[in-house]
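Trainee: I have just opened this entry and would like to go through it with you. Could you guide me piece by piece?

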Amino acid sequence: MNLDFSDDQKFLQEEAKKFLEKEKALSRNRSVLETESHADQELWNKIVDLGWTGIRIPEEYGGLGLGHLELCVIAEELGRYLAPVPFSSSVYLFTEAIINYGNEEIKKDLLPKLVTGEVIGTLAVTEELYAPSKSNIKVSSKNNTLNGKKIAVPDAEIATHSLVVSKSDKGVSLQLVDLSSPGVTIKHQENIDESRGHFSIEFDGVKSDLVGDENSGWELYETLINQAAVLFSYEQIGGSQAALDMAINYAKERYAFGRPIGSYQAIKHKLADMYVALTLAKSNCYYAAWALSTDSADLPSASATARVSATKAYQLCSQENIQTHGGNGFTWEYDCHMYYRRSKLLSLNIGSLSNWREKLVISLEQSNIN
Amino acid sequence: MDFNDTPQEAKFRKKCRDWLEKNASYKDGSSKSEDFANKDKLNDAKAWQKKKYDAGWAMLHWPKEYGGIGASSMERIIWANEEAKFDVPKGIFEIGLGMCGPVMMEYASEEQKERYLPSMAEGKEIWCQLFSEPSAGSDVAGLRSKAVQNGDKWIINGQKVWTSGAHFSDYGILVVRHDPNLEKHKGMTFFFVDMKSPGIEVKPIKQITGGSSFNEVYFTDVEIPDSQRLGEIGDGWKVAITTLMNERLAVGDAGGADVEDAFRWAKNQDNLGEPLLNNKAARESIADWYCEKSGLKNTKLRTMSALSRGDTPGPEASITKIVSAGKLQNIGNFGIDSLDMAGMLKTDDADIKSFQNAWLGAPGMRIAGGTDEILRNIIAERVLGLPQDPRADKGVAFKDIPSGNS
């Protein structure tokens, strides 16, 4: 019985923590939020230098050839420090899709460049102000030519490539696009966490390459986000822990009515509830990490369980951290709002809480839990 | 990451399972009553405990001389996991073995340990815990039952309450106040007592479930020899804490109707012409309960992983009762409400019974062994490191502490 990370993985996590601390990732998040930029290119370059973008990429393509567990511990630290980099878009989604679904030519072309940072990827799915589904995708991919518009695409500005969920006569497919191609127009869309820019991408007769089978795009997308959900969940528990720690520290230092506010049960019980939610989420993440790393048949329910509990934990920890800080928590100056924003970003990228609850129940129906 | 036993653990598990297969049968899924007021049930439980004792499984982590085999924490867990798969009586000895045993082990004389521990492990003698009082629940150190020393004896007067199994117990551990002029936590002394002593009267408490697992225990001029004192005079609280720590380890999952039951029920139950499982609110609730249930299960696996490595587990397991008792209450509500107006009725249907039992029993689970509120205080203070509340009961004689009308 060993539902825990190995010593090597824990060491990697410690190193990641030290690196992000030293690089002041949290202050960098604030800078990106406060300026016109939509990602921290310098921090990203340093992350590339550490080899993190190539963790899962096989050695034959220049990567480290490690497993998903190594990615989980890195994700937890990126989440803790709110790193303003396109890691989730490029690594959990784009890179994983290329590794799993790309043909040899595409892999040979892109994987080494994802390791070196020459290529950064993202995933474009949403088209309207509602959840995308197999039946409402409209961007067309007739004859390897894309037409239509995607919105709310994270990190599209810093990205060089995108996978696009699109539709042709044969069904839904995943199309690979070089974002510097003629006919691509990328526009910034104001969003609620500007430390990670979101963009619209218009495709006007843009040449694309098919990834995976032509009519199985939606199923490939579902499989992809079932896996990525585990990594997103790790970012979410990292952020939840940071928000909880911030609330605990404040509750010990802030005095009201002659004593620390953390000595009042109203605050204690709030923080205990945050700890409970986080502990449930964290334990579910461990199991999902195991399921991901062993490609278990349990993955759909395990990842949805981790995702639902991690989303709930981060939502609770980030909002109650603000509440614990009182008026200070509502200021721009305090960091509370940065966790609040990021918790919403992470809970919406790859789909909302209620839709993940639905996915969980569907997976229970399919596996017949009784 | 893996879920495999080490070779040594696998060997031990096989040994447990082989013995259990020879001596018991696997559970068949039907739920059985554990009503020990019924003499046959009590005798069955005692017979099973004796069988385990003779084979060395009764208290496997205890030293050999007191009836154990000196097993590790991991081996205890493996045994418990395996035993849980079999249809065997349980529950009745938990307080004695889980809470009274460790205190006797730490504070009783060698002679007393040899006399009492093996017969406790064997199930021949049953023990109970006499701590709570009418005015001392969450604040158990507020207890007022009196002990007055008289030569080599103590005379006890007062009342205990919420004593599980007092009506069939042979011995009990008891904490009482020997001096109300001392500060609250300094004026208590700890004993063990023969429950057949003259002056002890046990009255069952009828619970909201209609059952009676608890008792009031009245003490009128009960004599206890000084040799049955555990710890020094005035050390009663220190000794009690040893027990309470063990209680917190022992009180775990609330049991009863769970998410699998709610799910199966929702698939089959009609709701406005369609299965209840088609209802969005039902689906969201089931998803959340499944996350709680899995979270507790996986937390347990993390604790076991630490034990398996020989490490001390983290504080994660402190969330178990808060989460499971609340979930039990919500699932009880869900099941009953799914019957709409007919939910009022008692029926013979096993599922409906289990939802009604969950609903009626859960309020007790949210209180017993540390209320939701006390457990949140413990998490906040001991795990998160938040400061204690200022207290009105420190630095004054017990008799001068404000106590309202109670």
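Trainee: Is strand E5 (residues 188–194) of chain B buried or exposed, mostly?

Mentor: Six of the seven residues of E5(B) are buried. A residue is buried if 20 or more other C-beta atoms lie within 10 Å of its own, exposed if 12 or fewer, and partly exposed in between, with C-beta atoms placed from the backbone. Helices (H or I, at least four residues) and strands (E, at least two) are DSSP runs, numbered from the N terminus. Please bear in mind that this is a predicted model, in which local features need pLDDT of at least 70 and side-chain atom pairs count only at pLDDT 80 or more, while totals for chains, interfaces and linings use all residues. Residues are numbered from 1 along each chain as its sequence is written, and chains are lettered from A and ligands numbered from 1 in the order in which they are written.

Trainee: How many bridges join E5(B) to strand E4 (residues 171–177) of chain B?

Mentor: Seven bridges join them, and the two strands run antiparallel. Gly172(B), for instance, has Val193(B) in E5(B) as its bridge partner. Two strands pair if DSSP finds at least two bridges between them.

Trainee: And how many join E5(B) to strand E8 (residues 229–230) of chain B?

Mentor: Two bridges, again with an antiparallel run. Here Phe190(B) stands opposite Leu230(B) of E8(B).

Trainee: Turning to chain A, what is the order of the strands in its three-stranded open sheet?

Mentor: The order is E2-E6-E5, with antiparallel pairing. Strand E2 (145–154) and strand E5 (184–189) of chain A are the edge strands, each pairing on one side only. Between E5(A) and strand E6 (residues 198–207) of chain A there are six bridges, and Lys187(A) stands opposite Ser200(A) in E6(A).

Trainee: Which loop holds Asn143(A)?

Mentor: Asn143(A) lies in the loop between strand E1 (121–124) and E2 of chain A. Its phi is near 50 degrees, a positive value in a residue other than glycine. Asn143(A) counts as exposed because it has 8 C-beta neighbours inside 10 Å.

Trainee: What about Ile350(A): buried or exposed?

Mentor: Ile350(A) counts as buried, with 23 C-beta neighbours inside 10 Å. Its phi is also positive, near 65 degrees, in a residue other than glycine. Ile350(A) is found in the loop between helix H11 (336–348) and helix H12 (353–367) of chain A.

Trainee: Now the contact between the chains. How many residues does each give?

Mentor: Chain B gives 39 residues and chain A gives 40. Two residues are in contact if their C-beta atoms, placed from the backbone, lie within 7 Å. On the side of chain B that touches chain A, the elements giving two or more residues are helix H7 (259–268), helix H8 (280–309), H9 and helix H11 (372–383) of chain B. H8(B) has the largest share of that side, 16 residues.

Trainee: What kinds of residue are on that side of chain B?

Mentor: They divide into 19 nonpolar, nine polar and eleven charged. Ala, Val, Leu, Ile, Met, Phe, Trp, Tyr, Cys and Pro count as nonpolar, Asp, Glu, Lys and Arg as charged, and the others, Gly among them, as polar.

Trainee: Which residues does Thr279(A) touch, leaving aside neighbours within four places in sequence?

Mentor: Thr279(A) is in contact with Thr299(B), Glu316(B) and Ile319(B). Thr279(A) lies in helix H8 (residues 265–293) of chain A and is buried, with 28 other C-beta atoms within 10 Å.

Trainee: Which residues have the most contacts inside the largest nonpolar core?

Mentor: They are Leu271(A), Ala289(A) and Ile286(B), in a core of 159 residues. Helix H7 (residues 217–253) of chain A gives the most to this core, with 20 residues. A nonpolar core is a set of buried Ala, Val, Leu, Ile, Met, Phe, Trp, Tyr and Cys residues joined through C-beta atoms within 7 Å.

Trainee: What does Ile286(B) touch, not counting residues up to four places away in sequence?

Mentor: Ile286(B) touches Val361(A), Val259(B), Ala262(B), Phe263(B) and Ala266(B).
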